[in-house]
Amino acid sequence: MSGVSRAEYCVIACAETWRDAGEILASPMGLIPSIGARLARHTFSPDLLLTDGEALLVTPDGTVEGWLPYRQHLTLVTGGRRHVMMGASQIDRYGNQNISCIGDWTKPKRQLLGVRGAPVNTLNNPTSYWIPKHSRRVFVEKADMVCGVGYDHALDARHHRIPRVVSDLGVFDFTTPDRSMRLASLHPEVTVDQVKEATAFAVTIPDDVPYTRDPTPAELHLIREVIDPRNTRIREVEA
Amino acid sequence: MTSDEAASRLESGMTLGIGGWGSRRKPMALVRALLRTEITDLTVVSYGGPDVGMLAAAGRIRKLIAAFATLDSIPLEPHFRAARERGAFELMEIDEAMFMWGLHAAANRLPFMPVRAGIGSDVMRVNPELRTITSPYADGETFVAMPALRLDAALVHVNRADRQGNGQYLGPDPYFDDLFCEAADTAYVSCERIVDTADLAKEAPPPSLLLKRHVVTGVIEAPGGAHFTSCVPDYARDEAFQKTYATTPWPEFAARFLSGDEQAYQSAVKEATCPE
């Protein structure tokens, strides 16, 4: 399909994160995941719960349908009825994620946010990631501070699951024998070499890599006219 | 009680819990009063925002217990960040849920609470004192035994309170202010307005009465006491001033805004925001 921007393919890839999720809370962090979650809610996952970014549960048009202060949000996390899509300053081949600091933790080269809720998220509800700028600085050999737990550290933690990682280049999952990262789809016009060049570890490349699916005309209309008419999505992914 | 009287009851070396979340409903007037004292060597327990940033910038923190520090609309707290990058204080970096269960343990007089969080992450590497516990039941799962975060004092800010210490929040989220007070030996509550007890339930229904007087030591009327953080519905975050805070070198900010009392602060803010 021509005329679909990279940002719009990213929206579709993020929306797919919540397909068939049922009546759970979608917790998107970042602009494009937020547009994706609302698109999923509008179309193939109408039972999703969404927040206003603070303590209210709202329908797509902003109608308040519930109250979710932090204390209840944390119970929702540990109850497992949630699929969060977090960001990552670093993510490694097993999906260990870092948002705390770069360098030696005792005296970091660059202090970031802190671990936040990444440890509790990853042990309790499905956790996916959104990386708006795929690069070797983010897709690293080893995360400096493991906040979100990856498959090698989670061992057999009973509720641990990282369904997907979406970047501006493609979609990745961990469906390999050793649960390391695999390229699941490329966004149209992206090459396998581009992905390899922008990734500091050897990502598994299947023989036949599909492209991320096209949006339907109805989905494009929703993205462009209803959910994000001011085109904020290009702030995260250009063109 | 005034903010300065509350601050005068605190001591160097104390473990201090600070309510609110990020740059939301932080007891900033109490933090400013604390900055006017010589009190230092603090262990600060906070869902961190500019409270952590200011105390870190002023060198008052010996140890911080936190999951993050942020200004929300400005994701990285600049003074927290600078202090960390020069290794200025000891840090117990724990997950948001571990933090909450640590306060629950303290409030319930328990030594710890089992938490499904932390295992597998580097929270365990950077906090080697954390212990795990295995379920004595058939599931046999291993959890982190999150130690109680008992506080010497808690500082929180709410919308309304009566003189006895019954505190009311009118915004969308109570955060964990009640829990901070229950986990503390003493609790100082600042509020936008002190009202008669009989008026508390008139403005909002009883579930808004978050703080109970038996866990509150002192009440301080501090209009604008959360500034520049949000205190809805009384006021939103002062984004312009927060930006000034985040971009002004600390010594200059402190000299310009924190060299006098609370009234001087508010006048300096007014002058900076709408110059004549």
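**Group meeting: a predicted two-chain model**

Helix H2 of chain A, residues 31–42, has 12 residues and reaches 17 Å from its first C-alpha to its last, close to the 16 Å expected at 1.5 Å a residue. The expected span here is 1.5 Å times one less than the number of residues in the helix. Helices (H or I, at least four residues) and strands (E, at least two) are DSSP runs numbered from the N terminus.

Residues are numbered from 1 along each chain as its sequence is written, and chains are lettered from A and ligands numbered from 1 in the order in which they are written.

Returning to H2(A), this helix is mostly covered, with 11 of its 12 residues buried. A residue counts as buried if 20 or more other C-beta atoms, placed from the backbone, lie within 10 Å of its own, as exposed if 12 or fewer do, and as partly exposed in between. Among the buried residues of H2(A) are Leu31(A), Ile35(A), Arg38(A) and Arg41(A). Which elements do the buried residues of H2(A) pack against? They pack against helix H1 (6–15), strand S1 (25–28), strand S4 (82–86), strand S9 (127–131) and helix H7 (217–227) of chain A.

Chain A holds seven helices and 12 strands, and 50% of its 239 residues are buried. A compact globule of 239 residues would have a radius of gyration near 18 Å, and the 17 Å of chain A agrees with this. That radius is taken over C-alpha atoms, and the globule rule is 2.2 Å times the number of residues to the power 0.38. Along the principal axes, the C-alpha trace of chain A spans about 45 × 45 × 35 Å. Of the contacts in chain A with a separation of 6 or more, 66% are between residues 24 or more positions apart; a contact requires two C-beta atoms, placed from the backbone, to lie within 7 Å.

Chain B has 11 helices and 12 strands, and 51% of its 276 residues count as buried. Its radius of gyration is 19 Å, in agreement with the value near 19 Å for a compact globule with 276 residues. The C-alpha atoms of chain B fill a box of roughly 70 × 50 × 30 Å along the principal axes.

Two packed helices are described by the angle between their axes and the distance between the axes. The axes of helix H2 (residues 28–35) and helix H3 (residues 50–57) of chain B come within 10 Å and cross at roughly 5 degrees. Axes are lines fitted to C-alpha atoms, for helices over the stretch in contact, and angles run from 0 to 180 degrees between N-to-C directions. H2(B) is therefore roughly parallel to H3(B), a label for angles under 35 degrees, with over 145 roughly antiparallel, 65 to 115 roughly perpendicular and the rest oblique. Met28(B), Val31(B) and Leu35(B) of H2(B) make the contact with Asp51(B), Met54(B) and Leu55(B) of H3(B). These residues divide into five nonpolar, no polar and one charged. Nonpolar covers Ala, Val, Leu, Ile, Met, Phe, Trp, Tyr, Cys and Pro; charged covers Asp, Glu, Lys and Arg; the others, Gly among them, are polar.

Next, the interface. How many residues of chain A are in contact with chain B? There are 32, and they meet 31 residues of chain B. H3(A) gives the most to this side of chain A, with five residues. The side of chain A that touches chain B divides into 20 nonpolar, eight polar and four charged residues.

Ser100(A) is in contact with Glu93(B), and also with residues including Leu112(A), Met145(A) and Cys147(A). Ser100(A) lies in the loop between strand S6 (97–98) and strand S7 (101–102) of chain A. Is Ser100(A) buried or exposed? Ser100(A) is buried, because 29 other C-beta atoms lie within 10 Å.

I close with backbone geometry. Most residues other than glycine have a negative phi, and most peptide bonds are trans. Arg116(A), not a glycine, has a positive phi of about 50 degrees, and is buried, with 22 other C-beta atoms within 10 Å. Arg179(A) has a positive phi of about 55 degrees, but counts as partly exposed, with 17 C-beta neighbours inside 10 Å. In chain B, cis peptide bonds join His227(B) to Phe228(B), with omega about 10 degrees, and Val232(B) to Pro233(B), with omega about 5 degrees. Phe228(B) lies in the loop between strand S12 (218–221) and helix H9 (239–247) of chain B, and Pro233(B) lies in the loop between S12 and H9 of chain B.

Key
Predicted model: local features only at pLDDT ≥ 70, side-chain atom pairs only at ≥ 80, totals over all residues. Lists of a residue's contacts leave out its neighbours within four places in sequence.
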